[in-house]
Structures are given as structure tokens and as C-alpha cells.
Amino acid sequence: MKKLIIHGGEYLLGTIHISGAKNSAVALVPASLLSDDEIIIDNIPNITDIDALDEILTYLGATIERIDSRMVIKSKNIENKEIPENISKKLRASYYFMGALLGKYKKVEMYFPGGCAIGKRPIDQHLKAFEALGAKIQIEGNKYRIEAQELIGNDIYLDCASVGATINAMLASVKAIGKTKIHNAAKEPEIVNVATLLNNMGAAIEGAGTSEISIQGVEKLGKSYIEVIPDRIEAGTYMILGALVGNPLTIDNMIPNHVESLISKLKEMGVQYELNQNSITIWHANEISPTHVTTAVYPGFPTDLQQPVTTLLAFSNGISKITETIYENRFQNVEYLNKMGANIKIIDDTLEIKGVPCLYGNTVKATDLRAGACLFLAGLKAHGTTEIENVEYVLRGYENIIQKLSQVGAKIELQEI
Ligand code: EPU
């Protein structure tokens, strides 16, 4: 067990470099097994979710080499065996083995994925996509057996624009017979990154990044190379940090277009920033104007930045509101922010935030990854010392957090308990 100790209240100055996107990398790694040839993935973040995927691929018999942020995967000798519960439940993205193994071997046996407890998070749309392609699904307790005699291209209508279901539908259909169309597909940049890898491998996918994706099945996928796109949620988290304590803080190696919804909210709050091609420089705001934020699928305001932005609005000079539309249980951070002195009420799916002038260090708990982000932001701004327990959640998604924050002047350390 580890905890984060933060001595808050310091202004931070310098540059934070953004790593490869967690939510792209966790799909690119399983996608690689669709080919028997070597797949090279660059800009892989060094986070524990990637270690968990490495463990699953290695368990299946793949050979993986990791040199700095490069991962070289050879899946020729994979054995399509059942993925046990103890490893599938380590992370949410283990569900991409469903699409990838089904796409390659027409059969997969594995357990329900894990991930942060932020809502019910069903996978019915993933299963609906596999069924549309001709697969039969048997569920026994937590175990899924998905099998098809042949995978045959079809129209897949998603009831909600799910990131995971869209990627899984692509993985399962790239080698299917004929043409698949995914309707109401999710449009997140991570989906474009995965489609680019698959196309580099020889797939024929068009329309990724729009709500209608067409996939012409191909027989074989080959050798390929891909670079993971910069993590827009990590960038957004540190941009919020800039608005809290930047003196100024520059966030670089990021794609400003991917965080447009956050930039427009920062503007509404009166935060000063300078935008460049691959970076943004942000000054701490002495006054934060209250605003309303509603989470939505891309290009709307990302649910993954809802908890981090709550920390910023906790300091506004008025009443702000945040409505969470994607997950039913993504407000577990509020109890701890209030323990640090914030004034936030949960009213159904909405937060009513009355701004306060300061927060005070306290002992708090990360209940999930982005709750942890909300709390380390609060700790860095607060007076006094904050101890964040359950920090393993944070290490799942933020690469080199101690080093990145220390470099810009933060007093932060990781302690074993
Ligand atoms: N949903 C269904 N049925 C499904 C799939 C999704 O009802 O079959 C619902 C979910 O319950 C949720 C909504 O649709 O209410 C969105 O779920 P989605 O499938 O888009 O999310 P996901 O694929 O499970 C990914 C990220 C999440 C991120 C969401 C939304 C990964 C591994 N996870 O999850 O990331 O919040 O997309 O952008 O890519 C995080 O990084 O902290 C995180 C939770």
C-alpha cells in the first residue's frame, strides 16, 4: 500500500511533458495480437494498467519487450486459453481481449473486467456488437464464453456511443467476412488512434472519429508501427493545476484540439492562458468565475475531467454546478474535498459548489483514478499537508507523477505504508 504526501500552497513554475494516452494504449496493446507479426508501439505510458495488460499478453504466450516507452509485441505463439478472473479484473481494458481474441480466433473465454467503481458500467453494447457479427454468448456468473463459427460483417447499432464497445466492435470485425458498419460510434481521439494502428496492420477502416465507422474485413493483418497519442486527460489535469497554482505552468506535447471543451471552460472562469501548437501555458487565477459544466461524449466536456475540475470550481467566487451524465457514481471525491474545507452538495446527478477562499490539508482517500487526481490537485493548492491513501488508483493513470510534479516545484512524495 502506498500514500501520497503533499505539502501544499506552493506556486509551480516550469513545464510538464504529457505522456501517451492511457485509454489509447490500453486498447492498442490488446489490438496488437490480431497480427502474428511484430507490432511496435511507441510512447507507451509507464503506468500500472499497462503492466496488467503486459501480464495478460504474456500469460497468453506473447513475447513483449519494453525499452523506455517502446513496446515490441510478438503474438505468433499465443495460445487462445481462458483468461482467469484474477488478471482480467485488474483493469477495465481487459475487455479488449474479448474483441481481439474473438476477431483472431473466433472464440474467447474470459471473466468480467475490473476498473474503477464509478457506476454500473455494463458491457451489453460490446456483446450486442459481437452478436451482430454472428457470435453466440454464454455467461456463467462472471465468466463469458463468446464464440462464432464465422464472423460475418453486419450493421451494428450502438444504443450509446460507448468508447469500449466501438473499439471492441472494430477489433472483432476487422477480419470478418464482408462489410461492417458501426452506427452511433463513439468519436473519441483514442478510437482514431486504434483505427490507425489497425489500418497500418492492413485493415480497411473508414470513418473513425465520426459516428459512422465502416470496416471492410480483410483476411490477414501484418507487421506495424504506431505512436500513442498524447493523453488529453493527463494534459487537462495539469492544465487545471496551472489554473490553481501555475506561476506559470506550461503543459507540452499535447494536442490543444483534444481539450477544447476544457479550454473554453477555463476561459469562462477567467483563467489566463497562452495557446501554442503543441503546448499551453497557464497562469494561476486570483479570481475564478463560477460556471456550469455538463459532461458529455467527445467533443463534449470529458467525464474523466469532471472530478479534477471540481477542485478548481471549489475556489470560484460564487456558485457553480457540475452535471455528470456518463456515470452514476463519480462523486465519491466530494466527501474528501469537503473534508478539506470545500462546500459542495450532491443533488442527484449534479454538484452545487459554493466557492471557498481556501482548502486545508487533511487525510483523504482516492476512491478511483480521477477522484485521486481531484485530491492531488486539491492537496497542491491547499494550506498544510495532505495525505492521500489508496494512491494505487492514481498510479494506474498518471505516469511519473512524483517526478513530473517535483520538477515544477511541488513538494510531493510517495510513501509505502
Ligand atoms: N455503457 C453501457 N453499455 C455498454 C458500454 C457502456 O451502458 O456496453 C455506458 C456506461 O455504463 C457509461 C457510458 O456508457 O455510462 C460510457 O461508457 P464507455 O463504454 O464509453 O466507457 P468505457 O469504454 O468503459 C472509457 C474509458 C473511461 C472513460 C470512458 C468515457 C477506457 C479503458 N476507459 O471507458 O476512462 O471514462 O471511456 O470517455 O478507455 C478513466 O480513464 O478514468 C476512465 C474511466
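Reader: Which residue forms a salt bridge with Glu10, and how far apart are the closest N and O atoms?

Author: Lys411 does, with the closest N and O atoms 3.6 Å apart. The pair ties together distant parts of the chain, 401 residues apart. Lys411 sits in strand β23, residues 411-416. Glu10 is in the loop between β1 (2-7) and β2 (12-17). Keep in mind that this is a predicted model.

Reader: How many salt bridges does the structure hold?

Author: It holds 22.

Reader: What does Asp49 pair with?

Author: Arg396, with the closest N and O atoms 3.1 Å apart.

Reader: What about Lys107, which partner does it have?

Author: Lys107 forms a salt bridge with Glu109, the closest N and O atoms being 3.7 Å apart. Lys107 is partly exposed at 26%. Glu109 has 17% relative accessibility, so Glu109 counts as buried, the cut-off being under 20%. Salt bridges with shared partners join Glu82, Lys107, Glu109, Lys143, Arg145 and Glu147 into one network.

Reader: Switching to domains. Where do they run?

Author: The domain assignment gives domain 1 as 2-17 + 230-416, and domain 2 as 25-227. Their C-alpha centres lie 31 Å apart.

Reader: How many residues of each are in contact?

Author: 17 residues of domain 1 are in contact with 21 residues of domain 2. About 1,600 Å² is buried between them, and carbon and sulfur atoms give 51% of that area.

Reader: Which residues of domain 1 lose the most area?

Author: Tyr298, Arg396 and Glu399. Together they make up 38% of what the domain 1 side buries.

Reader: And how many salt bridges and polar contacts are there between the domains?

Author: There are 2 salt bridges between domain 1 and domain 2. The count of residue pairs in polar contact is 9. By class, the domain 1 side that touches domain 2 has 7 nonpolar, 4 polar and 6 charged residues.

Reader: What is the partner of Glu190?

Author: Arg232, through a salt bridge with the closest N and O atoms 2.9 Å apart.

Reader: Backbone next. Which peptide bonds are cis?

Author: One is from Asn247 to Pro248, with omega near -5°. Another joins Tyr298 and Pro299, with omega about 10°. Pro248 lies in strand β14, residues 246-252. Pro299 lies in the loop between β17 (292-294) and α10 (306-313). Most peptide bonds are trans.

Reader: Where is phi positive in a residue other than glycine?

Author: Lys106 is one of them, with phi near 65°. Asn400 is another, at about 45°. Lys106 is in the loop between α4 (96-105) and β6 (107-111). Asn400 is in the loop between α13 (392-395) and α14 (401-407). Lys106 is partly exposed at 29%, and Asn400 is partly exposed at 36%.

Reader: How many residues of α4 are buried?

Author: 9 of its 10, so α4 is mostly covered. Among them are Tyr96, Phe97, Met98 and Leu101.

Reader: What covers them?

Author: The cover includes α1 (22-31), α2 (48-60), β6, α5 (124-132), β8 (143-147) and α6 (163-173).

Reader: Last one. Is Ser316 buried or exposed?

Author: Buried, at 3% relative accessibility. Ser316 is in the loop between α10 and β18 (319-323). Its side chain makes a polar contact of 3.4 Å with that of Ser320. Not counting residues up to four places away in sequence, Ser316 touches Ile288, Ser289, Pro290, Gly355 and Val356.

Definitions and conventions: Residues are numbered from 1 along each chain as its sequence is written. This is a predicted model: local features need pLDDT of at least 70, side-chain atom pairs count only at pLDDT 80 or more; totals for chains, interfaces and linings use all residues. Side-chain values use heavy atoms; hydrogens and water are left out. Domain bounds come from an automatic or database domain assignment. Contact means heavy atoms within 4.5 Å. Buried area is the accessible area (1.4 Å probe) that two parts lose on being put together, summed over both. A salt bridge is a side-chain nitrogen of Lys or Arg within 4 Å of a carboxyl oxygen of Asp or Glu. A polar contact is a pair of N or O atoms within 3.5 Å; within protein, one must be able to donate a hydrogen and the other to accept it, and residues adjacent in sequence count only if both atoms are side-chain atoms. Ala, Val, Leu, Ile, Met, Phe, Trp, Tyr, Cys and Pro count as nonpolar, Asp, Glu, Lys and Arg as charged, and the others, Gly among them, as polar. Helices (H or I, at least four residues) and strands (E, at least two) are DSSP runs, numbered from the N terminus. Buried means under 20% relative accessible area, exposed over 50%, partly exposed in between (1.4 Å probe, protein chains only).
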